[in-house]
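Have a look at the structure, then read on.

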Amino acid sequence: MRIVVVAVALAFLGAALGGLLVGCSSVGPFRTAGPPSTVTIRHTVTAAPPTISNAAPSSAADADAHGFFVFGKGARCIGDDNAEMYMRTEKSALVVCRSETNDLYYRGYRMSDGATIDLYDVYRQPGGFVAVNAPDNARYVITPDGFRLIQNGTVVLNESAVEVGPEPGVQPPVTQAASVVVLGSTSGVGPDARGYGTEQPEVISMGACPNAISHIVWRDWGASVAHGSGLGCVHTGQPPRYALVASDIGMCQGVLAYRALQISANPPPANTSPPQDICHW
């Protein structure tokens with residue numbers, strides 16, 4: 001009888017000790033159980049992304065009245081010329097300057113390799129500026145939100161501003177070049193015409209290929225005389241290039257417009273046709 005009681009007691013004690021050993025076998029007195037590796041991964045994946053893309057561009061802390069002073073001369077005006085607008089994106093920095101003779105020019109800097117570009121065919125448009133690189137048939141369209149590089153009618157770069165100046169809401173003085181001017185009028189042109197009666201048209205047409213010009217790049221728009229260059233319409237072969245000269249600013253059908261347009265081959269022949277009245281068709 002005593003043997004049976006001892007055996008039962010030993011069995012109970014063994015089961016209890018076994019349970020304690022099982023419960024303590026994975027964690028010793030100097031060992032702490034680490035969290036599952038998926039906890040950190042889950043936290044990273046579910047973290048809310050930053051909302052930088054929705055934020056308005058901040059004012060530039062590393063620029064003054066002449067542009068940026070951290071990119072050498074790449075995005076800074078010449079001498080004492082003041083900046084009409086300066087901007088930094090994730091990849092570029094730029095400045096639009098006004099010279100002592102009241103002319104606009106553009107200076108750009110590419111951060112990846114330090115390449116720079118200076119352009120002197122620059123004009124104001126509503127809300128910003130356009131800098132023309134005529135040899136490459138390209139335009140830099142600059143607004144407080146960023147800039148676009150348009151080449152041969154295609155947007156090849158579109159960068160958002162992260163810093164911009166002057167302070168938002170501060171507009172440079174309006175000059176004659178900033179006036180909104182359109183090209184002639186649509187009165188009497190016909191329903192299929194394009195470009196006429198609009199500002200800085202990229203295409204003008206009377207409705208048929210023989211009298212259509214596309215990919216027009218303008219310079220000096222808003223000045224007394226604006227010059228443009230574009231490609232004629234052909235069904236086969238290389239399209240001819242034309243030079244355009246818009247002049248005679250005045251009121252036309254109730255709006256300010258260039259009332260005369262001269263179109264000629266580029267380079268123009270000796271017997272260039274005189275300007276055509278595009279206000280009173």
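Are Tyr140 and Phe147 buried or exposed? Tyr140 is buried, and Phe147 is too; buried means under 20% relative accessible area, exposed over 50%, and partly exposed in between, with a 1.4 Å probe and protein chains only.

## Ground rules

This is a predicted model, where local features need pLDDT of at least 70, side-chain atom pairs count only at pLDDT 80 or more, and totals for chains, interfaces and linings use all residues. Residues are numbered from 1 along each chain as its sequence is written, and side-chain values use heavy atoms, leaving out hydrogens and water.

## Aromatic pairs

Rings of Phe, Tyr and Trp (its six-membered ring) pair if their centres lie within 6.5 Å; planes under 30 degrees apart count as stacked, over 60 as edge-to-face and the rest as tilted. By this rule the model has eight aromatic pairs. Take Phe71 and Tyr109: the ring centres are 5.0 Å apart and the planes sit at 35 degrees, so this pair is tilted. The two come from distant parts of the chain, 38 residues apart, with Phe71 in the loop between strand 3 (67-68) and strand 4 (82-88) and Tyr109 in strand 6 (residues 104-110). Strands here are DSSP runs (E, at least two residues), numbered from the N terminus.

Phe71 counts as buried, at 12% relative accessibility. Tyr140 and Phe147 make another tilted pair, because their ring centres are 6.2 Å apart and their planes are at 35 degrees. There's a cluster as well: ring pairs link Phe68, Phe71, Tyr86 and Tyr109.

## Around Ser92

Ser92 belongs to strand 5 (residues 92-98) and is buried, with a relative accessible area of 11%. Which residues does Ser92 touch, leaving aside neighbours within four places in sequence? They are Met87, Tyr109, Met111, Phe147 and Glu159, where contact means heavy atoms within 4.5 Å.

Ser92 and Tyr109 are 17 residues apart in sequence, yet 5.7 Å apart in space, C-alpha to C-alpha. With Glu159, the link is a polar contact between the two side chains, at 3.0 Å. (A polar contact is a pair of N or O atoms within 3.5 Å; within protein, one must be able to donate a hydrogen and the other to accept it, and residues adjacent in sequence count only if both atoms are side-chain atoms.)

## The nonpolar cores

A nonpolar core is a set of buried Ala, Val, Leu, Ile, Met, Phe, Trp, Tyr and Cys residues joined through side-chain atoms within 4.5 Å. The largest one has 21 residues, and Leu183, Ile204, Trp218, Trp221 and Leu261 have the most contacts inside it. Strand 9 (128-133), strand 15 (213-219), strand 17 (241-252) and strand 18 (255-265) each give two or more residues to this core, and strand 15 gives the most, with four. A second, separate core has 17 residues, among them Met87, Val96, Tyr140 and Ile142.

Five strands make an open sheet in the order 8-9-10-11-12, with antiparallel pairing; two strands pair if DSSP finds at least two bridges between them. Strand 8 (121-125) and strand 12 (154-160) stand at the edges with a single partner strand each, so one side of each has no neighbour in the sheet.

Strand 10 (residues 138-143) and strand 11 (residues 146-151) run antiparallel and are joined by six bridges. Tyr140 shows up here again, standing opposite Leu149 in strand 11.
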